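Here are my notes for you, as promised. Have the model open while you read, and click on each residue as it comes up.

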Amino acid sequence: TLGCTNVICSDKTGTLTQNEMTVNHLWMVTGEMTVTGEGYEPKGEILDGETAVTVRKSGALQLLLGGAALCSNAKLLPPEEGKERYTVLGDPTEACLGVVARKGEMDMERLFQSFPRIMELPFDSVRKRMATIHQLREPFEGSSRIAFVKGAPKEVMELCSSCYEGSAARPIEESDRIRIMEANDQYASEGLRVLAVAYRTLRKDDTSLPASIREYTPENVERELTFLGLVAMQDPPRSEVR
């Protein structure tokens, strides 16, 4: 393959192809879910065992998928006229987060309207994560602002003081941390790429935060996080490839 970028490659025939990362597993402290479908086409299901699950049925899944999609910059583009394949603008890893959110029946337009982004703390290779800060249309956990963080599982988990289970956050225990890293290591051994997703509500009365949002930094925002889950993905060969 020649002339590759991180998104689009030109093959020997001159045809533009894409590195179509696909989410195939979601992991939360309540258990694992599998994801069907391949590539960027938002067709497939999220399965808890043999039961299809959507964001309407699970608040925890809604937070995980919504947080992952919001803490991303890629855009999914529908097929052009006469073509079948979806394409993306941005990082393939981030693109598949929007795809799995749609498989969970997330209303993406409503999501971005309800959580408008007001700031980004970009990814860097030292802390191995990024964060986005959003103004909430409706208060959550008594706060009108929320930060979503995604990145390397170990680095994100170490910043978590709680985890989301069922319909509420609870203090994270050492047994939770062990299970998180065991799940991460299992996915990694299967050649999957894994991201952790977490959040923190940013209350006005939180004295650990500066008064001005312009003074927000990774050091004062990315702390006392609530762990939401792991997203495991791969770049599989398409079904028509033998």
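1. Let's begin with helix α5, on the face turned away from its buried side: the exposed residues there are Glu174, Glu182 and Ser189. Exposed means over 50% relative accessible area, buried means under 20%, and partly exposed is in between, using a 1.4 Å probe and protein chains only. Helices are DSSP runs of H or I with at least four residues, strands are runs of E with at least two, and both are numbered from the N terminus.

2. A quick word on what you're looking at. This is a predicted model, where local features need pLDDT of at least 70 and side-chain atom pairs count only at pLDDT 80 or more, while totals for chains, interfaces and linings use all residues. Residues are numbered from 1 along each chain as its sequence is written, and side-chain values use heavy atoms, with hydrogens and water left out.

3. Now the other side of α5. Its buried residues are Asp176, Ile180, Met181, Ala183, Asn184 and Tyr187. Some background: an α-helix has 3.6 residues a turn, so residues three or four places apart point the same way.

4. How far apart are the end C-alpha atoms of α5? They are 23 Å apart, which agrees with the 22 Å that its 16 residues should span at 1.5 Å a residue. The expected span is 1.5 Å times one less than the number of residues. Just after α5, have a look at Gly191, which takes a positive phi of about 80 degrees.

5. Stay with Asn184 for a moment, in this helix of residues 174-189. Asn184 is buried, with a relative accessible area of 12%. Leaving out residues up to four places away in sequence, Asn184 touches Pro153, Val194 and Leu230. Contact here means heavy atoms within 4.5 Å.

6. On to the nonpolar cores, meaning sets of buried Ala, Val, Leu, Ile, Met, Phe, Trp, Tyr and Cys residues joined through side-chain atoms within 4.5 Å. The largest has 36 residues, and Val23, Leu26, Leu61 and Leu65 have the most contacts inside it. Helix α1 (residues 59-70) gives the most to this core, with 8 residues. Another core lies apart from it, with 30 residues, including Tyr216 and Leu230.

7. From first C-alpha to last, α1 reaches 16 Å, close to the 16 Å expected.

8. Next, the strands. β3 (residues 22-28) and β4 (residues 31-35) pair in the antiparallel sense over 4 bridges, where pairing takes at least two DSSP bridges between two strands. They form a hairpin with 2 residues between them, and Met28 has Gly31 of β4 as its bridge partner. β4 also pairs with β5 (residues 46-48), antiparallel again, over 2 bridges; there, Thr34 has Leu47 as its partner.

9. Last, the cysteines. A disulfide is a pair of cysteine sulfur atoms within 2.5 Å, and the structure holds 0 of them. Cys160 is buried at 3% relative accessible area, and Cys163 is buried at 0%.
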